[in-house]
Amino acid sequence: MEAQKEALQRIISTLANKNDEIQNFSDTLSHTLKGVQANSSNVIAELDEEFDGLYSILDEMKESMTNSIKQEQAHKSQELQNQLSQCSNALENSEELLEFAARSLDIKDPEEFSKAARQIKDRVTMASAFRISLKPKVSDNMTHLMVDFSQERQMLQALKFLPVPKAPEIDPVECLVADNAVTIVWRMPEEDNKIDHFVLEYRKTNFDGLPRVKDETCWELIDYIKGTEYTLSGLKFDSKYMNFRVRACNKAVAGEYSDPVTLETKALVFNLDNTSSHLNLKVEDSYVEWDPTGGKGQENKIKGKENKGRSGTPSPKRTSVSSRSPSIRGSRDRFTGESYTVLGDTAIESGQHYWEVRAQKDCKSYSVGVAYKNLGKFDQLGKTNTSWCIHVNNWLQTTFAAKHNNKAKALDMTVPDRIGVYCDFDGGQLSFYNASSKQLLYTFKTKFIQPLLPGFMVWCGGLALSSGLQVPSAVKMLQKSENGLSGSASSLTNVTQ
């Protein structure tokens with residue numbers, strides 16, 4: 001019966017997953033159909049715009065060339081009209097002279113005839129008919145203004161849609177996810193020397209397999225990539241996966257997208273648990289800051305005389321009440337007393353994880369480590385057998401130590417600006433590093449028997465948390481070579497605080 005139930009449950013799970021895949025594919029088809037309609041309208045509008053531009057150029061050229069022809073026509077007409085006018089004047093003068101000469105032939109008086117003959121001779125010499133050119137200044141030929149559009153017509157008839165680059169192919173085997181960076185490698189299915197650049201798009205998702213259309217973030221774009229690989233660095237892995245796709249572009253158009261590739265980008269992502277934090281700590285997701293005005297009234301109800309007779313810096317419990325509204329109490333009591341502690345909101349139950357912490361420069365005292373869930377509300381990190389940490393005290397003089405079970409191991413090294421925490425739950429190892437140089441600071445070795453929570457203590461200052469980080473490659477290498485050469489939890493058993 002139980003075996004049949006398990007088999008049926010597997011069938012149901014398989015069917016549910018298949019239905020989910022089909023629904024996602026249906027959503028993709030609908031989205032693609034809308035895209036086809038929208039993009040078709042866009043390219044038709046662009047085509048209209050291109051042809052309108054071409055028509056405009058042709059109209060401008062036609063108007064310009066027509067004006068040239070009309071100017072040539074006007075010039076030639078004017079020249080010919082001038083010559084016609086000159087010819088008319090010459091003919092008129094010539095006919096008048098001819099008439100005068102004919103009348104002179106009838107003169108009988110020799111003296112008058114001789115005088116008329118001289119006048120005719122002088123007028124003939126000066127007559128315009130003998131001075132005008134009898135050759136037209138211009139011809140009626142207008143062939144030099146004719147055009148031949150045969151070549152342009154052939155070019156127009158040869159117009160085609162732009163050649164589109166083929167879709168690249170992303171090679172998942174060559175892609176690399178490491179150190180909060182992703183390197184994407186792709187290739188073209190065939191050589192294309194007209195490709196100018198590539199466009200890479202990516203987005204975060206919590207779904208494996210093909211990208212989903214619904215309930216997903218927008219694609220982010222990286223343009224003008226000249227090579228066939230690209231590395232995205234400095235990422236926060238706050239999702240289980242990332243989708244990637246790439247397209248090739250020539251000088252004119254972009255081609256089809258490659259088939260999308262989904263890569264796993266798993267890392268421990270957590271915030272600080274405001275519901276369990278000490279009332280003198282101001283907590284905002286990944287930042288905690290000492291708040292000397294926090295929770296006087298609430299603290300006094302819990303333990304009104306706890307700091308009686310203490311000297312030095314006034315306890316936060318002696319200050320005024322903060323205007324901060326109290327958070328809703330979670331599944332555990334708030335830390336109180338002098339614990340000044342806040343835990344992470346995500347438990348570690350298996351695997352290898354890494355996160356980093358940066359302290360304010362003027363922070364007087366802080367601890368970074370892990371603890372079991374049952375850490376008492378008055379307990380301080382490192383002072384119980386259920387918590388492990390390194391502690392920095394900048395009050396009066398700087399001390400740097402690893403703490404566990406109320407024992408301390410002094411660390412003879414400079415306190416780094418950022419501390420990296422590596423937790424190997426299954427291997428029973430908790431290591432602290434200089435996050436910048438990856439220098440090993442200290443390692444606890446034990447067997448974790450309960451889920452762990454990241455823990456933080458801060459007094460007179462603030463801590464900034466960075467989660468969503470993969471275990472750095474340098475830390476992995478150091479962990480392989482360390483093999484118990486540094487201190488362990490057992491080394492603190494005979495060391496007093």
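**A loop residue and its surroundings**

Author: Leu159 sits in the loop that runs between α3 (150-157) and β1 (169-170). The model is a predicted one, and what follows should be read that way. Leu159 counts as exposed because its relative accessibility is 52%, and the cut-off for that word is over 50%.

Together with Leu47, Phe51, Tyr55, Ile57, Leu58, Met61, Met65, Val147, Phe149 and Leu156, Leu159 forms a nonpolar patch. The accessible area of these residues together is about 960 Å². Which element gives the patch its largest share? That element is helix α1 (residues 2-104), which supplies seven residues.

Helix α1 also brings in charge. Asp52 lies in this helix, and Asp52 is one member of a negative surface patch whose other members are Glu46, Asp48, Glu49 and Glu50. Is Asp52 partly exposed or buried? With a relative accessible area of 48%, Asp52 falls under partly exposed, since that term covers values between the 20% and 50% cut-offs.

Ser139 is placed in the loop between α2 (110-126) and α3. Its relative accessibility is 39%, so Ser139 is counted as partly exposed. Ser139 and Glu79 are 60 residues apart along the chain, and their C-alpha atoms are separated by 10.0 Å.

Met188 belongs to the loop between β3 (181-187) and β4 (197-205). Met188 counts as buried because its relative accessibility is 19%, and buried means under 20%. Leaving aside residues up to four places away in sequence, Met188 touches Lys166, Pro168, Ile195, Phe198 and Ala248.

Setting aside residues up to four places away in sequence, Ser286 touches Asn271, Leu272, Leu463, Ala464 and Leu465. One of these, Leu463, is 177 residues apart from Ser286 along the chain, yet the two C-alpha atoms are separated by 8.4 Å.

Asp424 is part of strand β18 (residues 418-424). Asp424 is buried and has no salt bridge. Where is the nearest side chain of opposite charge? It is that of Lys445, 9.9 Å away. Asp424 does touch Gly351, Gln352, Gln429 and Phe448, again not counting residues up to four places away in sequence.

Now the whole chain. It has five helices and 22 strands. Of its 497 residues, 34% count as buried; Met188 was an example of that class. The accessible surface comes to about 30800 Å², and 52% of this belongs to carbon and sulfur atoms. Among contacts between residues at least 6 apart in sequence, 69% join residues at least 24 apart.

Definitions and conventions
Residues are numbered from 1 along each chain as its sequence is written. This is a predicted model: local features need pLDDT of at least 70, side-chain atom pairs count only at pLDDT 80 or more; totals for chains, interfaces and linings use all residues. Side-chain values use heavy atoms; hydrogens and water are left out. Contact means heavy atoms within 4.5 Å. Patches are made of residues with over 30% relative accessible area and no salt bridge: like charges are joined within 9 Å, nonpolar side chains (Val, Leu, Ile, Met, Phe, Trp, Tyr) within 5 Å. Accessible areas come from the Shrake-Rupley method with a 1.4 Å probe; for residues, only the protein chains shown count as cover. A salt bridge is a side-chain nitrogen of Lys or Arg within 4 Å of a carboxyl oxygen of Asp or Glu. Helices (H or I, at least four residues) and strands (E, at least two) are DSSP runs, numbered from the N terminus. Buried means under 20% relative accessible area, exposed over 50%, partly exposed in between (1.4 Å probe, protein chains only). Lys and Arg count as positive and Asp and Glu as negative; His and the chain ends are not counted. The place of a charge is taken as NZ of Lys, CZ of Arg, CG of Asp or CD of Glu.
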